[in-house]
Amino acid sequence: MKRLWLPGGFVAAILLIALLAPLLDLPNPIRQDIARRLSGPIPGSPLGRDEFGRDVLSRLIWGARTSLGVAFASALIAGAIGTMIGLVGGWFRGIGELLTVRLVDVILCFPPILLALLVVTLLGPGAATLILVLSVLYVPGFARVAYAEVLSARSNDYVEAVRALGAPTGRILLRTVLPNIAGPVLVQFSLAVAAAVVVESGLSFLGLGVVPPAPSWGLMIRGARATMEQAPLMLLWPCAALTLTILAMNLLCDALRDWVDPRTPARRPRLRLVDRLLPGLLPPAEPKPETVLDVSGLTVEIETPLGAIKPVEDVSLSVRAGETVALVGESGSGKSLTATAVMGLLPPAARPAAGAAWFGDRDLLRLSEPELRRLRGGAVAMVFQDPMSSLNPVHRAGDQVAEAIRAHQEVSVADAKARALDLFRRVGIADPERRLNAYPHELSGGMRQRVMIAMALANRPRLLIADEPTTALDVTVQAQILDLLAELKRETGTALIFITHSLAVVAEIADRVTVMYAGQVVEQGPVAQVFGTPLHPYTRALLGAVHESDAAPVGIPGVVPQPHAFPTGCRFAPRCAHAIAACSAAPPPLEEAAEGRLVRCIRWTDLAGAKAA
Amino acid sequence: MSAPLIEATGLSKTFTSRGVFKRGRAVQAVRQVDVALAGGEAVGVVGESGSGKSTLGRLMLGLLPATEGTVRFDGRTLDKIPRAEWRTLRRRMQIVFQDPYGSLDPRRRVGAQIADGLAIHGLVPAGEQGRRVGELLTMVGLDPLQAKRFPHEFSGGQRQRVGIARALATSPDFLVADEPVSSLDVSIQAQILQLLGELRRDLKLALLFISHDLPVVRHLCDRVVVMYLGRVMEEGPAERVFAEPAHPYTRALISATPRLDPGKRTKRILLPGDPPSPSDPPSGCVFRTRCAHAIEACAGAVPALRAFGEARRVACIRAEEIA
Ligand SMILES: Nc1ncnc2c1ncn2[C@@H]1O[C@H](COP(=O)(O)OP(=O)(O)OP(=O)(O)O)[C@@H](O)[C@H]1O
Ligand code: SF4
Ligand code: SF4
Ligand SMILES: [Mg+2]
């Protein structure tokens, strides 16, 4: 919104001055006064007089009327016609597309100057001719932009939804499609106006546009050029007017486009150096030797326009060799941020504010980027939910795996390829020789995920973090991948952290589980115990929402709170069926309920007792 | 069973990719499917991605023209209905989409989007629209005051509720829900399913519920249709199909579904390889390339969808032997 004021005000001022020119007390812009030819600033003429002794300021303002009038009129006409053509072509496709978008493309084959010359010869020069020429010139641009945008907008479900409502085509195009393509069309408009101002000047300069003595910026530049040596300032004024107008137009349309889109995100704050250094200054906890990864008290802080938030707070978990620990919770509970913090892959605005992540004798949170890079893909590997976005689309699958091996080990290309083939076989890719040479888009979702796993395993990691690796897959493929992971873990003794929101998947593959809610660990323990006798009301509610038993599943009312609005006491209190006043008074501590079992609820003993009774 | 409200017979859809220079390969998204729904009945359609579930839903709504076969709605054949009458029919059939982010127009307030159906069909006078939108929002468990908000101000589950409110605005008789809970958390899924169940009961909606999540279908639907590569593999009462699946594919699907309770876990039937491409399906039984029970005869003719026990049908020549 703020970004709209400056360019908006400037453009409005220019337009207003141009519009009000007849009301301003200006000297006649075409009255000549040869005696004062090329004079500098004099009373009544603050910018001086031109080569015929005409007042420059007056000509500049009256010229703006012509120049901007021509530019806006032609951009508006071209915009209206072009957008309509694009809409029709993009919506109806087929014949409609051929008759509209393809047809106007023909215009693009003409060099603009040639077209202008042709039309001017036929119709004679003048502002009206200019508008006609420029409109014709800019129609294809609008048509193409609108066409491309309609094609992408029409595949959206919300367009299908209004179709399903039985809306007539006109209504769909005007009410639903048009607003959604307005952004790019507006940008095109700003470009067209800017270009039209320039072309108008150019054509007038060549004597093909506005007819002298009528003022226009192009004619002024033309006139000033001849007398450049005697009065260089004459050239400056129209050029400055031209540049500033174009600049303001571009800024305005940029700001307009953002403003039209209600989703424009707030800008990301910059990270201060001290924030990056601060965690390193805190005294680290002692590493525990028996575990592969030991995360303790991890807090992630993100600077946002609403202030600093802590989407992950005081999270502790550990995983031993050959063990699978699941991290489970609703979306927005901080699972992925916990994993990316450990991998050193946090988004730019986020930083680990406290805690430690011991991997052997090294704290992953305090390693430098080069050190991390040596670990990542080597001793510590990660598999993501969407294999398509994590594989490079322009390289063959086998080459990417071989490259991953060579990044961490000194082996020849041929050896790396042979190892990749071996890995492909291990992860159960059928016909591995052929698949090595396939591009990612030629593989199915399940196969891509296998390639990702092969890549993650390439350097025999001691720790593998898998973030929702099966969520995008069908159940039959998911079953294949879960089996594969379990088998690999047995064979290699890799410690596995498995992130998922599916409790059933946790039950299938994990040894221990950490339940997260609103950035905190709320319950932790061996899977059989936690699912058999859940202690935290949230765990119990989550289990009750699963479609498993014959009882109808029960939803949990409300949603996970946003990090900037976490409740002060127990974060689950607003949705908890057992909440009492004391729950909201202070944050409940994470208590050890039994050997290896943690729970964050002040009432867990009452509730466990009530259930037993 | 009473006469069906909507009935698809021999429905097929082939997509041919358009190209000026190269002839695209035809994708047989839906092959010879028969489905019928009575008023107030819920039918689940399950299958893996690419099995043609969504295409079937769109065909039954008349949003896509069928390549073969017919859809009859309330006794009338869809492709014979004159354009003018389509408008009134549209009011009676609606759809809820999978993606609660993509299915709402990001630039318009949700109230205006819910009111679209009312305005298009002139169901309530302009002055009354606000009140009706408020009622619809209340019906799906939202605050009427939220009508003034934009879609990005809602959570996924809330957006899905808005999508449902928009579909219900025209008081439809037939609702297609295309994976309406797949992108939601379990806690929210249960809320939305509860809502759909109630609405179906209270409004006597015929519901075609598309999903890849079998346990969800079992809870919500009376009958289930299992699809693979565009064809129906098995069909019958939801409870029975899940308790004793007859088709090898249904068995594999059920055994692959992860279970919370280790006691309920059955031995997993792992399907080898990947599903074949729908542009080049196997001859005979489309499932035979991954079926553990396949014999030579399976490659011959396409197995007919034949009666199997009471109110059930299955497309497998060995169903009795395997059972
Ligand atoms: N417009 C289209 N053009 C070409 N092919 C299509 C089109 N729409 C669907 N298909 C193809 O038809 C087949 C069935 O698609 P459909 O979307 O109906 O499957 P689905 O079971 O709903 O899958 P998902 O669970 O992924 O949504 C797929 O192979 C798909 O690629
Ligand atoms: S502390 Fe209170 S509100 Fe929080 S989970 Fe326990 S009972 Fe519920
Ligand atoms: S017809 Fe043959 S291949 Fe097809 S499901 Fe039955 S046994 Fe398997
Ligand atoms: Mg689908």
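Predicted model: local features only at pLDDT ≥ 70, side-chain atom pairs only at ≥ 80, totals over all residues.
Trainee: Which cavity is the space taken by ligand 2?
Mentor: A cavity is a set of points on a 1 Å grid over the protein atoms alone, where a 1.4 Å probe fits but cannot get out. A molecule sits in one if more than half of its atoms lie within 2 Å of its grid points. Ligand 2 takes the space of the second largest cavity.

Trainee: What volume does the second largest cavity have?
Mentor: Its lining, made of residues with an atom within 4 Å of a point, includes A:H536, A:C570 and A:P588. That lining has 9 nonpolar, 2 polar and 1 charged residues. Grid points are joined across faces, edges and corners, and volume is the space filled by probe spheres set on them. The value is about 70 Å³.

Trainee: Which residues lie closest to ligand 3?
Mentor: Residues are numbered from 1 along each chain as its sequence is written, chains are lettered from A and ligands numbered from 1 in the order written, and side-chain values use heavy atoms, leaving out hydrogens and water. Ligand 3 takes the space of the largest cavity. Its shell has 9 nonpolar, 2 polar and 2 charged residues. Of the 13 residues around it, the closest are B:H247, B:C285, B:C291, B:C298 and B:C316.

Trainee: How much space lies in the largest cavity?
Mentor: The structure holds 7 cavities of 30 Å³ or more. The largest is lined by 14 residues, with B:I317 among those nearest its centre. Its space is about 90 Å³.

Trainee: With which residues is A:V177 in contact, leaving aside its neighbours within four places in sequence?
Mentor: A nonpolar core joins buried (under 20% relative accessible area, 1.4 Å probe, protein chains only) Ala, Val, Leu, Ile, Met, Phe, Trp, Tyr and Cys residues through side-chain atoms within 4.5 Å. A:V177 is one of those touching the most other members of the largest core, which has 73 residues. Contact means heavy atoms within 4.5 Å. The partners are A:L87, A:W91, A:V150 and A:I172.

Key:
1 Å grid on protein atoms, 1.4 Å probe; cavity = no way out; pocket = protein on both sides within 12 Å on 5 of 7 lines; lining within 4 Å. Nonpolar A, V, L, I, M, F, W, Y, C, P; charged D, E, K, R; others polar. Buried < 20%, exposed > 50% of the residue type's maximum accessible area, 1.4 Å probe, protein only. Near = heavy atom within 4 Å.
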